[in-house]
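Please keep the sequence and the structure in view while reading.

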Amino acid sequence: MTAEVADAARAAGRSPADITTIVVTKFHPASLVRELAQLGVTDVGENRHQDAGPKAAELADLALTWHFVGQLQSKKARPVLEYASVIHSLDRASLVTALAGERPDPVDVFLQLNLTDDPGRGGVAENELDVLVDAVLGASGLRLLGLMAVAPLGEEPRAAFARVRAASERLQKSAPEATCLSMGMSGDFREAVLEGATHLRIGTAITGNRPAAG
Ligand SMILES: *Cc1c(COP(=O)(O)O)cnc(C)c1O
């Protein structure tokens with residue numbers, strides 16, 4: 001996968017060093033994450049606190065960076081901070097309140113943009129982004145890295161990611177340091193890299209499919 005990402009970066013005229021690949025290990029046991037770490041993986045992503053918490057605890061001896069990429073309930077927000085150092089799915093003011101706090105090292109956050117018209121998909125609607133940005137910039141203990149999005153079904157991924165890039169350019173007028181873009185998964189990371197992705201969230205292309213239950 002490292003080679004594929006490097007190829008995608010070169011095809012986009014970008015440096016592979018500017019792209020962080022997060023291996024999304026949801027559905028997979030701690031043992032697989034440990035093997036990935038032995039192969040040099042440093043960044044792992046999880047989408048459910050119930051699964052991620054025990055895995056992170058079991059793997060606390062490894063120097064992994066844990067990224068939380070799934071929808072987050074406000075009451076789970078603080079427990080997630082016990083292991084995750086990056087939250088990709090901040091999408092509402094109540095979560096900002098839940099995550100904010102005085103701490104020595106700020107938590108890195110991405111604001112998730114909803115690219116669909118379905119509010120149930122997770123992410124803030126683009127017309128509500130400014131208000132959320134102000135909330136994050138006014139909160140303590142949070143460092144805004146940029147925007148995160150999932151390309152919707154039924155839209156060409158490159159076009160979807162171009163919309164995120166445009167929103168990011170607007171965001172940078174009020175938050176000049178929030179230049180990162182968390183976008184691109186197994187099926188569309190090349191398009192994401194062409195539109196400036198800095199953080200790819202890759203699951204199945206690295207881990208294989210969800211293991212059978214049992
Ligand atoms: C599962 C997941 C991914 C990885 O998806 P793949 O298609 O398996 O690469 C990326 N982002 C989020 C938010 C996910 O839930």
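In which loop does Lys26 lie? In this predicted model, Lys26 is found in the loop between β1 (20-24) and α2 (30-38). The position carries an annotation: an unreviewed UniProt entry places the feature "modified residue: N6-(pyridoxal phosphate)lysine" at Lys26. With a relative accessible area of 30%, Lys26 is partly exposed. Leaving aside residues up to four places away in sequence, Lys26 touches Gly45, Glu46, Asn47 and Lys55.

The charged pairs come next. The structure holds ten salt bridges. One of them joins the side chains of Arg48 and Asp51, at 3.0 Å from N to O. Both partners are partly exposed: Arg48 has a relative accessibility of 40%, and Asp51 has a relative accessible area of 30%.

A further salt bridge connects Asp108 with Arg143, whose closest N and O atoms are 2.7 Å apart. This pair links distant parts of the chain, since Asp108 belongs to strand β5 (residues 107-112) and Arg143 to strand β6 (residues 142-148), 35 residues apart. Is Asp108 buried or exposed? Its relative accessible area is 13%, and because buried means under 20%, Asp108 counts as buried. Arg143, by contrast, is partly exposed at 45% relative accessibility.

Arg163 and Glu155 also meet through their side chains in a salt bridge, at 2.6 Å from N to O. Here Arg163 is partly exposed at 32% relative accessibility, and Glu155 is likewise partly exposed at 25%.

The nonpolar interior remains to be described. In soluble globular proteins, nonpolar side chains tend to be buried together. Which residues touch the most other members of the largest nonpolar core? Among its 59 residues, these are Ile87, Leu111, Leu144, Leu147 and Leu200. Helix α7 (residues 157-174) gives the most to this core, contributing five residues.

Leu144 illustrates how such a residue is surrounded. Not counting residues up to four places away in sequence, Leu144 touches Val109, Leu111, Val133, Val136, Leu137, Leu171, Ala175, Glu177 and Ala178.

Terms used:
Residues numbered from 1 in each chain as written. Predicted model: local features only at pLDDT ≥ 70, side-chain atom pairs only at ≥ 80, totals over all residues. Heavy atoms only, no water. Core = buried A, V, L, I, M, F, W, Y, C linked by side-chain atoms within 4.5 Å. Buried < 20%, exposed > 50% of the residue type's maximum accessible area, 1.4 Å probe, protein only. Helix = DSSP H or I, 4+ residues; strand = E, 2+ residues; numbered from the N terminus. Contact = heavy atoms within 4.5 Å. UniProt positions renumbered as here; feature names shortened; annotations may be inferred. Salt bridge = Lys/Arg side-chain N within 4 Å of Asp/Glu carboxyl O.
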